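What follows is a report for a reader who is meeting this structure for the first time. Please look over the sequence and the model before reading on.

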Amino acid sequence: MYSGGMDTDCGGAGGQRLKRTMTDVQGPCLVSTNPATKAVVGTVVIASPEQVDTAIASARSAQAAWWELGYRERARRLRAWKAAIVRDREALARLLTQENGKPLSDAYSEWFSVCEFLEHYARHSERLLRDRPLRGGNWLLASRKTYLQYRPKGVIGVIAPWNYPVLLAIADIAPALASGNTVVFKPSELTPLVSQALVRLAHQSGIPDEVLAIVTGDRTTGEALTNGAIDHLCFTGSVATGRAVGIASATRLRSATLELGGKDPALVLEDVNIPLAVRGIVWGAFANTGQVCASIERLYVHARIADPFLSELIKQSAALVVGDGLEPASQVGPLINEAQLERVDAQVEDAVAKGASVLLGGHRLDGPGCFYAPTILTGVTPDMRVMQEETFGPLLPVVVCESESEMIQAANASNFGLSASIWTPDLARAERIAGQLQAGTIWVNTGLASYGNPLLPRGGIKESGIGKSGGEAGLMEMVNTRLIEVSGQRFGKLWWFPLLPNASQIFSTLLGVVHGTGVRSRFKEICAFIRNQAFPLS
């Protein structure tokens with residue numbers, strides 16, 4: 001769908017008419033289904049490459065006027081958008097649960113974080129992006145005034161995933177709009193309806209259609225945006241797709257923010273409070289049914305506490321209530337679709353075939369939805385798929401380690417480097433270990449929740465991505481930094497043409513005086529220069 005003006009409907013599955021703003025174009029449709037029931041939630045039109053190009057061109061035309069509004073007016077509109085979300089939160093949360101499957105409490109939490117991001121960038125963007133003076137350095141190279149200036153890049157493309165479809169979208173959209181850019185947003189094909197609802201409220205809150213356009217569709221729509229005439233691309237998704245997006249951006253000499261996969265380790269040291277640590281780890285592994293790039297997907301437990309820890313881990317994991325997210329008792333929802341369910345099942349089968357033991361779960365659950373039992377494996381080895389590939393499901397492999405150093409080495413033995421966590425009451429020890437882990441984010445006795453905190457930048461190393469989202473660092477991804485250097489006109493620079501006859505001697509002396517070692521050495525440089533000027537060599 002290309003945002004641009006009128007309500008239309010797609011016909012197709014379910015015969016539902018969906019309110020959306022778009023041009024008067026019919027075409028192939030996407031069907032959105034509820035992963036808990038397989039019922040059709042609705043349908044959307046797949047935007048053609050031509051529609052994507054039109055959206056980009058419209059965003060380009062609107063960008064200058066959006067920038068000219070100024071920070072405070074843009075902030076006012078972002079806050080109006082936030083107020084509309086608060087007003088409609090019940091319908092928005094239910095729609096998110098129907099389309100994504102997560103429990104309703106998690107859906108409200110996601111919308112809470114969306115509002116946090118809108119408020120943060122409305123409040124802080126002007127302060128963070130004001131001209132920044134540069135002072136200090138050697139007086140010889142100084143100018144009258146030198147400062148950094150920040151200006152919007154132009155048109156930002158945002159390709160968001162389905163697991164947190166509104167939070168991970170707004171984490172890029174909010175700073176892009178606050179800093180004066182326009183945005184073309186392509187949501188996941190699995191969660192287009194809640195993304196449309198998000199954008200529709202923006203339009204109702206004074207953000208013009210051309211300033212924030214949404215193009216719904218499949219891979220071809222995403223490729224059209226990736227290859228389009230945008231100035232920066234924010235992509236959250238798989239490593240394989242991220243690599244293709246990165247190549248396309250490099251070919252066009254265009255910047256990109258890439259948040260890709262993870263195989264995130266948790267290190268449990270021998271001095272933990274076992275029940276408390278297990279609570280945090282069960283949540284970190286199974287929240288959102290494990291469909292989080294920063295979920296705990298490898299668990300390393302010290303051998304001294306392995307037996308009681310595993311016993312408590314099984315106890316708390318077995319108590320989780322799996323079900324339809326609209327049911328009040330549900331704590332863990334379905335996987336997003338059959339393909340993801342089969343991926344989890346295949347990793348379990350591979351691990352068992354190679355000698356792993358299933359301590360809990362290991363099978364899909366009865367019913368029409370894509371439900372898989374929370375699963376714990378032991379006896380896993382590095383050659384198993386479950387230890388190498390991102391799972392994105394309720395599957396937790398456990399490795400018993402004899403020492404801290406063994407844990408660190410195993411945690412770093414991955415191509416991914418998104419996040420890691422350390423569990424111990426000894427905070428000094430934890431921070432020392434954190435300095436040795438290869439990850440973009442390292443948590444101590446916590447995890448995941450910082451993704452909803454707009455103050456904190458997130459991003460990975462190795463194959464987990466490039467760049468940052470969130471915080472000041474995420475805002476800086478959306479702007480071009482310009483150096484402004486102002487000099488007066490009363491004097492020229494020493495190195496301008498025509499050079500002085502003794503320019504070589506002057507520069508040699510300056511090098512010795514400014515960067516020489518010791519006062520005596522510098523004094524000798526000055527004396528030698530004066531002597532040479534008074535009694536030049538013939």
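The report below goes from the whole chain to its cores, a sheet, a surface patch and some single residues.

## The chain as a whole

The model is a predicted one, and the values in this report should be read with that in mind. The protein chain has 17 helices and 20 strands, and its C-alpha atoms fill a box of roughly 100 × 65 × 35 Å when this is taken along the principal axes. Of the 538 residues in the protein chain, 52% are buried. Among the contacts with a separation of 6 or more, 70% are accounted for by residues 24 or more positions apart. The accessible surface of the protein chain comes to about 23600 Å², and carbon and sulfur atoms hold 56% of that area.

## Nonpolar cores

The largest nonpolar core has 70 residues, and the members that touch the most others are W81, I85, W111, I173, L177, F185 and L212. Helix α5 (residues 167-178) gives the largest share of this core, with ten residues. If neighbours within four places in sequence are left aside, I173 is in contact with W81, V158, V183, F185 and L212. There is also a second, separate core, made of 29 residues, and L269, V386, M387 and C401 are included in it.

## An open sheet

Three strands form an open sheet in the order β3-β4-β20, and their pairing is antiparallel. The edge strands, each of which pairs on one side only, are β3 (132-133) and β20. Strand β4 (residues 145-152) is joined to β20 by eight bridges, and K145 stands opposite V486 in β20. In general, the strands of a sheet pair through backbone hydrogen bonds, in either a parallel or an antiparallel manner.

## A loop with a cis bond and a surface patch

The loop between β20 (479-486) and α16 (503-515) contains P498, and the peptide bond that leads from F497 to P498 is cis, with omega near -5°. F497 is also one of the residues of a nonpolar surface patch of about 890 Å², which is made by L141, L494, W495, W496, F497, L499, L500 and F507. F507 itself lies in helix α16, and this residue counts as partly exposed because its relative accessible area is 34%, a value that falls between the limits of 20% and 50%.

Once its neighbours within four places in sequence are left aside, S419 is in contact with D264, P265, A294, A439, T441 and W443.

Conventions
Residues are numbered from 1 along each chain as its sequence is written. This is a predicted model: local features need pLDDT of at least 70, side-chain atom pairs count only at pLDDT 80 or more; totals for chains, interfaces and linings use all residues. Side-chain values use heavy atoms; hydrogens and water are left out. Helices (H or I, at least four residues) and strands (E, at least two) are DSSP runs, numbered from the N terminus. A nonpolar core is a set of buried Ala, Val, Leu, Ile, Met, Phe, Trp, Tyr and Cys residues joined through side-chain atoms within 4.5 Å. Buried means under 20% relative accessible area, exposed over 50%, partly exposed in between (1.4 Å probe, protein chains only). Contact means heavy atoms within 4.5 Å. Two strands pair if DSSP finds at least two bridges between them. Patches are made of residues with over 30% relative accessible area and no salt bridge: like charges are joined within 9 Å, nonpolar side chains (Val, Leu, Ile, Met, Phe, Trp, Tyr) within 5 Å. Accessible areas come from the Shrake-Rupley method with a 1.4 Å probe; for residues, only the protein chains shown count as cover. A salt bridge is a side-chain nitrogen of Lys or Arg within 4 Å of a carboxyl oxygen of Asp or Glu.
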